[in-house]
Amino acid sequence: MTTTKTNDIEAKVIAIVCEQLDVRADDVAPTKTFTDDLGADSLAIVELVLAFEEAFHLKIPDNEVDGIKTVGNAIDYIKKHANSAS
Amino acid sequence: MSTRRVVITGMGVLSPLGIGVADNWRRLCAGESGIGPITRFDTTEYPTKIAGEVPGFEPTQWIAKRELRQMDLFIQYAIAGAAMAVADAGLDRVPVADPERFGVFVGAGLGGISTLESTIAALKEKGPRHGISPYFVPAIIVNLAAGQISIRHNARGPNLSHVSACSTGAHSIGEAFRTIVYGTADVMIAGGTESTVTPLGIGGFCSSRALSTRNDEPTKASRPFTASRDGFVLSEGCGLLVLEELGHARARGATILAEIVGYGLSADAHHITMPSPGGEGAQRCMKMALRDAGLAAEQVGYINAHGTSTAADATETQAIRAVFGAHADRLAVSSTKSMHGHLLGAAGGLEAAITVLALRHGILPPTINLDDPDPECDLDYVPHTARPAQVEYAMSNSFGFGGTNAALIFRRAEF
């Protein structure tokens, strides 16, 4: 994957997190957890995951969602799977 | 042990006449109408193109942006109404001492129909995974109005939503009254909320031929008790009261707006949409409220009628005559639906608030548009203009589809 595409994915993930959780980009560091740091409850996380799916044209099975606890986890997952999608 | 007394210490309303008690009362006293063309959807194919929409509602004034997706508009109105009622009662500054004795009875007639409609469309377009939000269920179910209020105000007492069509708001208040008298709670937020200005909401009542089609003159369409009335005008909004045990209110120095003294309820057991002949069910309901209050019929000075601007207005008139006898000709009876339209599940809540205001300010709001009274409707409906009048006891009527009736009686506060 090219560096440009990697950066695109990161930027897009951050944008989606900002929009879904109504937080500022400055607050969305890769180490931040969705629940404790960014205030998402279980339903908000489901919505966030669906937004990732629509934006990146992939499917994130429920059993994988448990492993996506931080912004960084989401970025890594999408980098890994978006490559093999479209 | 003597019976506990219950007073009203706060109110919050949203209606086509505006957001908040002040705007609503001012416009009611001025005899203004809040009815206009429907703006929410394209009404080209609908026979009725008018409704009472709440003007200028800004959800983020009351609710964090990220939470809006959790709630249909009827719940948003309930949250705003509760915030205003709690502030009016002074309970935002000093919260209720024992949250477990602070409850919420707020219902709706239909609930989250607009979110239901948009989700069905999204389901067809995107399938269930992406079409149905994880918030869909909590966004549409009626009791989340009471639930969201309890979360935001730490109200850990009884939490319930009554659903009785157009009597919802009144039943919610009556049951909250009973709950405080019984001793389960000391403070209750009670009333109704509704937002159904949608294709199915308007279309459903259109198909029943229940709505006025006076589209060229929206402000004149809701005209209860007139010969030319042709159906009700559908409106949205919320009407909530803070009910409080008298000792509890006095102890914290609350301003007492009125006392609630009587509650009656009954079933017509007659028809799904039409009232029983002569208003037999309504008569029993009003009599029950009078008995509950320990009042003679002659002691009531004003009735805020159900008065929807349908054929049933004549039935309500007959029922009032039957209950009040000769005193009926000395009663002032007005339908404020002539100005704000029919708020369905919220109607009883808004109209209870208006009845309290009438007692408090000594002004009876009018029935506007009463240009051509129906000969069968021959009471004093306070035509056209608001009337200064000191009344001690006032009644508010609500009658719903399925023949479910409610009557509340309030007493002017002298505390």
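**Reading chain B**

Author: Helix α5(B) is followed by N154(B), a residue with a positive phi near 50°. This is a predicted model, in which local features need pLDDT of at least 70 and side-chain atom pairs count only at pLDDT 80 or more, while totals for chains, interfaces and linings use all residues. Residues are numbered from 1 along each chain as its sequence is written, and chains are lettered from A and ligands numbered from 1 in the order in which they are written.

Reader: How are helices and strands defined here?

Author: They are DSSP runs, numbered from the N terminus: helices are H or I with at least four residues, strands are E with at least two.

Reader: Is α5(B) buried or exposed?

Author: First the rule: a residue is buried if 20 or more other C-beta atoms lie within 10 Å of its own, exposed if 12 or fewer, and partly exposed in between, with C-beta atoms placed from the backbone. Eight of the 10 residues of α5(B) are buried, so the helix is largely enclosed by the rest of the structure. The buried ones are L144(B), A145(B), A146(B), G147(B), Q148(B), I149(B), S150(B) and H153(B).

Reader: What covers the buried residues of α5(B)?

Author: Contact means that the C-beta atoms of two residues, placed from the backbone, lie within 7 Å. The cover includes α2, β5 (102-107), α4 (136-140), β6 and β7 (187-194) of chain B.

Reader: At what angle do α2(B) and α5(B) pack?

Author: Axes are lines fitted to C-alpha atoms, for helices over the stretch in contact, and angles run from 0 to 180 degrees between N-to-C directions. Helix α2 (residues 73-88) and helix α5 (residues 144-153) of chain B pack at about 40°, their axes 9 Å apart. Angles under 35 degrees count as roughly parallel, over 145 as roughly antiparallel, 65 to 115 as roughly perpendicular and the rest as oblique. The pair α2(B) and α5(B) is therefore oblique.

Reader: Is the crossing of α2(B) and α5(B) left-handed or right-handed?

Author: A crossing is left-handed if the near helix is turned anticlockwise from the far one by less than a right angle, and right-handed if clockwise. Here α2(B) passes α5(B) in a right-handed crossing. On the α2(B) side the contact is made by F74(B), I75(B), A78(B), I79(B), A82(B) and V86(B), and on the α5(B) side by L144(B), A145(B), Q148(B), I149(B), R152(B) and H153(B). By class, the contact has nine nonpolar, two polar and one charged residues; Ala, Val, Leu, Ile, Met, Phe, Trp, Tyr, Cys and Pro count as nonpolar, Asp, Glu, Lys and Arg as charged, and the others, Gly among them, as polar.

Reader: Which residues does Q76(B) touch?

Author: Q76(B) is found in helix α2 of chain B. Leaving out residues up to four places away in sequence, Q76(B) touches P59(B), I63(B) and M71(B). With 24 C-beta neighbours inside 10 Å, Q76(B) counts as buried.

Reader: How do α6(B) and α13(B) cross?

Author: The axes of α6(B) and helix α13 (residues 347-361) of chain B come within 5 Å and cross at roughly 65°. The two helices are therefore roughly perpendicular. T168(B), G169(B), A170(B), H171(B), S172(B) and I173(B) of α6(B) meet A347(B), G348(B), G349(B), L350(B) and A352(B) of α13(B). The classes are five nonpolar, six polar and no charged residues.

Reader: Where is A165(B)?

Author: A165(B) lies in the loop between β6 (159-160) and α6 (168-182) of chain B. Its phi is near 50°, a positive value in a residue other than glycine. A165(B) is partly exposed, with 19 other C-beta atoms within 10 Å.

Reader: Which strands pair with β10(B)?

Author: Two strands pair if DSSP finds at least two bridges between them. β10(B) pairs in the parallel sense with strand β14 (residues 393-400) of chain B over four bridges, and V300(B) stands opposite Y393(B). Three bridges join β10(B) to strand β11 (residues 332-334) of chain B, also parallel, with I303(B) opposite V333(B). Five of the five residues of β10(B) (residues 300-304) are buried.
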